[in-house]
Amino acid sequence: MCATDDAKGLNMSRTLVRWLPAVMVPVLIASVAVAVPLAANAGVNLPTKTPAQVLALAAGEKVVALSGTISQTSSLGLPELPTTGADASAGSALELLTGSHTARVFVDGSTKQRVQVLDRMAERDLVRTGSEVWLYDSKKKTAVHSTLSERPTRSSETEGMISTPDQLAATLLKSVDATTTVSLGSDLRVAERTAYNLVLTPKASETLIGSVSIAVDSQTGLPLSVELFARSQKTPAFSVGFSKLDLATPDASLFVFTPPAGAKVTEKTPKVDSSRPAVPRSDAAKPTVSGTGWDAIVAIPAGAGAAAKGSISLKSSPLFGKLTTSVTGGHLFQTSLVNVFLTDDGRVLAGSVPVAKLQAAAAAK
Amino acid sequence: MIPLASEFAIRTESLTKRFGSQVAVNSVDLRVPSGAVFGFLGPNGSGKTTTIRLLLGLASATSGEIEVLGRRMPGDLAAVLPEVGALVEGPGFYPYLSGAANLYRLDTADGHATSATRRARVQSALERVGLSHAAGKKVKAYSLGMKQRLGIANALLIPRRLLVLDEPTNGLDPQGTREVRSLIRLLAAEGTTIFVSSHLLTEIEQICTDAAVMSVGRLVAQGTLSELRGVGGARVRLESPDRDAASAVFARFGMTMAEPTPDGGELFASFGTVEPDPDTVVAALVEAKVRVRSFTVDRPSLEQRFVDLTGEGFDVAQ
Amino acid sequence: MSRSEVSALPDTAFRSRPALGLPLLASEISVLFRRRRTWAMLASLALIPVLIALAVRLTSSRPPSGRGPAFLDQVSQNGLFVSFVGLLVSVPLFLPLTVGVVAGDTIAGEASSGTLRYLLIAPAGRTRLLIVKYLATAVFCVAATLSVAIAGALIGAALFPIGPVTLLSGDSIAVGDSIVRSLLIAAYITVSLLGLSAIGLFISTMTDVPVGAMATTIVLSVVSQVLDSLPQLDWLHPWLFSHYWLGFADLLRQPISWDSFGSNALLQCGYIVVFGALAFGRFTTKDILS
């Protein structure tokens with residue numbers, strides 16, 4: 001009887017041993033998946049610097065060549081847009097506001113530059129050599145050539161495609177003034193490089209922006225990532241950063257672009273920013289800015305041709321209903337960082353401020 | 001006396017297999033002597049095939065121990081199975097492959113089998129079961145009997161110490177059944193232990209040296225054939241009113257008269273050491289004025305014994 | 001050869017030191033490719049690019065840019081794109097379908113034909129059999145992907161001009177380079193299917209009904225893709241085995257972006273290990289009653 005029980009025990013334990021890998025493997029994978037992100041920022045201990053020193057480090061940044069991959073993630077509290085189906089094309093205008101995007105950036109000096117926005121089964125390229133600029137869209141099979149009249153800096157050309165961390169950081173750092181508190185968070189590791197964590201906190205209480213965190217490369221001062229936190233959120237509402245970065249000079253052939261056979265080539269001189277919905281610049285519809293700093297409000301008057309057309313076509317889109325909420329006096333487009341108020345009389349007010357403040361501003365007019 | 005392990009080709013100790021609440025094999029202690037042709041008998045559903053699966057490591061026992069060729073199963077499975085050829089619950093083959101290709105395939109599964117002699121071994125195995133002519137034919141075109149032979153050929157790809165044949169004559173015509181029986185005799189003569197299961201008693205009775213009987217998951221009898229038939233063997237049944245005279249005549253032939261049965265009409269006598277010629281016995285009875293209404297020599301078949309053991313006839317499924 | 005002759009041979013004529021299982025693997029692959037079903041599936045896969053090429057050839061109007069599968073509008077200008085379109089179209093359904101059939105059949109098919117018990121008492125060894133079955137499925141993944149790629153290249157070369165290939169980045173590469181990229185894409189898709197193969201292998205150990213295992217595997221591949229398209233579940237997406245299936249487009253960029261290749265390989269490895277361990281646990285403790 002005893003022997004039988006032993007055999008039974010042996011059987012049981014053999015069965016357990018054979019199921020052991022099936023239990024251990026997922027546990028192992030789960031622990032690695034948890035541990036790796038935790039370990040990423042552990043053990044970064046850079047020489048102590050004051051916020052001012054880090055600002056100076058960022059200001060003195062002299063990176064001339066790089067190739068890197070940028071990831072941009074937004075969670076602005078917008079409804080998720082369909083990525084397939086009939087609404088897909090309407091969604092593309094707003095796609096930069098939602099979800100994740102990846103781009104590759106290649107820079108060699110101030111005149112050679114290539115940005116590739118990596119879309120699903122497609123790609124949008126910007127290739128610049130000197131004053132020659134090519135914009136290529138693999139989905140539409142179009143190539144747009146333009147010649148720049150002046151020589152803008154490294155930053156100016158990727159607007160409308162994706163913002164690079166250094167561009168965004170430059171804009172944000174420009175506005176560091178008395179309305180902002182600058183401090184340092186714990187050191188970071190970004191794209192396998194060590195970085196100081198510069199934290200900008202608005203002093204104004206009326207803004208939606210909680211704080212901005214900029215990772216400044218400890219060696220070169222290059223901003224490696226920017227994260228925007230809304231007042232109400234723990235995770236960044238918007239973040240853009242390098243996931244890979246190499247400071248070596250990229251292959252020269254990357255900056256040589258010949259439009260492929262079969263692509264529709266158009267010439268544009270002087271270059272107009274066509275990839276962005278036009279913002280009216282005519283005198284009749286000049287936007288006015290009230291307030292300064294983080295809680296400023298931009299107001300676009302009614303009747304401005306493009307804006308009116310834009311708002312009519314916007315209102316007829318099925319997405320309009322999904323994205324906006326109807327309130328007294330107009331429609332509201334709400335995100336965790338920015339609110340836009342479209343009044344019934346056609347005005348547009350926008351700012352990183354609470355809805356009530358926009359409505360008040362609209363009523364005051 | 002606890003026998004040495006090597007005396008037995010198969011030995012199980014309280015072997016039990018449960019499927020949920022149903023006990024398929026209930027505390028079975030098998031003893032298959034090395035070199036025996038062992039008949040494993042029982043009606044369909046009595047647990048024979050499940051026992052064979054346990055012996056070959058296809059299923060794991062709920063409790064109990066198994067020793068095959070002196071080694072523990074399923075612990076030493078990798079060392080034991082190359083020495084065991086088996087046919088389990090009918091043949092299983094790839095219908096879209098030829099008979100020879102099927103054997104070739106199954107032979108590659110044995111990591112110990114030499115690939116250099118594979119082709120020759122496949123050919124000779126097919127020859128032994130009389131399938132050479134159909135070697136290149138796809139198995140889906142085989143009859144059930146041919147598949148059965150192919151299954152036996154698979155068991156013979158390598159010289160084995162033990163062959164486990166589950167219902168080997170299933171689906172064979174009488175001629176095929178005779179061939180399988182003679183093949184088993186031949187293999188046994190070469191010293192291979194053969195464990196052959198069947199629900200058809202008559203098939204086994206002619207070739208076995210030993211047998212065991214399963215009924216409803218239990219082992220109800222086990223031993224050599226003569227042990228199973230019961231001591232004494234044949235007996236005489238005589239219908240006669242002259243009991244005393246008959247008894248005297250039987251005594252002359254060294255026979256013993258049994259106690260009378262209640263109804264009195266029939267008399268039984270068992271033989272002594274020598275079995276006399278029945279004609280002589282009848283002549284002597286007649287000469288002694290014994291009125292012989294009928295005279296029969298009963299040879300107890302295993303069947304009778306099994307009906308006693310299992311409480312039912314053989315072809316009855318549980 | 002009579003019995004006595006066989007007995008006279010030395011033991012080494014029958015038994016050698018246990019092999020690694022290469023003869024079994026060779027036999028497994030040969031059994032797989034001797035099935036008419038396998039060839040029927042490969043032929044249907046090869047038919048996909050052929051149909052695409054014929055459809056493009058027979059329609060006079062050029063498909064408008066940006067409509068239909070990516071690269072379709074380039075087919076008429078460059079036959080090499082037939083391969084790419086064929087692969088792109090096959091990845092979501094047709095390839096998983098055939099791989100599901102083969103992977104779901106691995107163990108359950110042997111069980112239902114009754115050959116599993118004979119393989120195990122040979123003895124094939126349960127772990128060894130499982131590994132051999134998996135490797136044979138992987139070989140089928142290679143064959144399936146290549147039959148789309150090669151059929152596409154051949155029909156493309158037959159019906160359309162061949163020339164430098166325009167990458168997604170707008171750069172053009174020579175024909176030789178583009179063949180290298182095609183092979184890289186075939187490798188990428190093969191790797192993509194390995195996780196599904198492991199899932200199919202595990203499901204196949206759960207049942208004796210091959211059709212059930214095949215259907216479950218195929219359904220899972222569809223479910224995974226549906227989940228991957230739901231933005232509400234974006235936390236789950238990187239863990240879905242189909243997440244990087246269409247990421248092979250990264251091999252058509254200049255320079256090649258290896259990120260998705262790496263992430264995909266890592267993810268598929270994870271699935272192989274997890275479902276391999278599950279299949280091992282299940283198969284080595286299973287009672288073979290078929």
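A nonpolar core here is a set of buried Ala, Val, Leu, Ile, Met, Phe, Trp, Tyr and Cys residues joined through C-beta atoms within 7 Å. With that in hand, here's a quick tour of this predicted model, starting with its largest core, which has 172 residues. The predictor gives the complex an ipTM of 0.86 and a pTM of 0.84.

**Nonpolar cores**
- In the largest core, the residues that touch the most other members are Phe38(B), Val164(B), Ile194(B), Phe195(B) and Val85(C).
- Helix α7 of chain C (residues 126-159) puts in the largest share of this core, with 15 residues.
- There's also a second, separate core of 62 residues, and among its members are Ala103(A), Val127(A), Ala215(A) and Leu337(A).
- As background, nonpolar side chains tend to be buried together in soluble globular proteins.
- Which residues is Val85(C) in contact with, leaving aside its neighbours within four places in sequence? They are Ile52(C), Pro69(C), Phe71(C), Leu72(C) and Val75(C).

**Where chain B meets chain C**
- On the chain B side, 35 residues are in contact with 34 residues of chain C.
- Three elements of chain B each give two or more residues to the side that touches chain C: α2 (77-80), α3 (99-109) and α4 (118-128).
- α3(B) gives the most to that side, with four residues.
- Sort the side of chain B that touches chain C by class and you get 20 nonpolar, 11 polar and four charged residues.

**Chain B domains**
- Chain B splits into domain 1 (5-229) and domain 2 (235-299).
- Taken over C-alpha atoms, the centres of domain 1 and domain 2 of chain B are 45 Å apart.

**Chain C layout**
- Chain C has 10 helices and two strands.
- Reading from the N terminus, the elements of chain C go α-α-α-α-α-α-α-β-β-α-α-α.
- The C-alpha trace of chain C spans about 75 × 50 × 30 Å along its principal axes.
- Of the 290 residues in chain C, 53% are buried.
- Take the contacts in chain C between residues at least 6 apart in sequence, and 78% of them join residues at least 24 apart.

**Confidence in chain C**
- Chain C has a mean pLDDT of 89, and 90% of its residues reach 70 or more.

Technical notes: Residues numbered from 1 in each chain as written. Chains lettered and ligands numbered in written order. Predicted model: local features only at pLDDT ≥ 70, side-chain atom pairs only at ≥ 80, totals over all residues. Buried ≥ 20, exposed ≤ 12 C-beta atoms within 10 Å, placed from the backbone. Contact = placed C-beta atoms within 7 Å. Nonpolar A, V, L, I, M, F, W, Y, C, P; charged D, E, K, R; others polar. Domains from an automatic or database assignment. pLDDT = per-residue confidence, 0-100.
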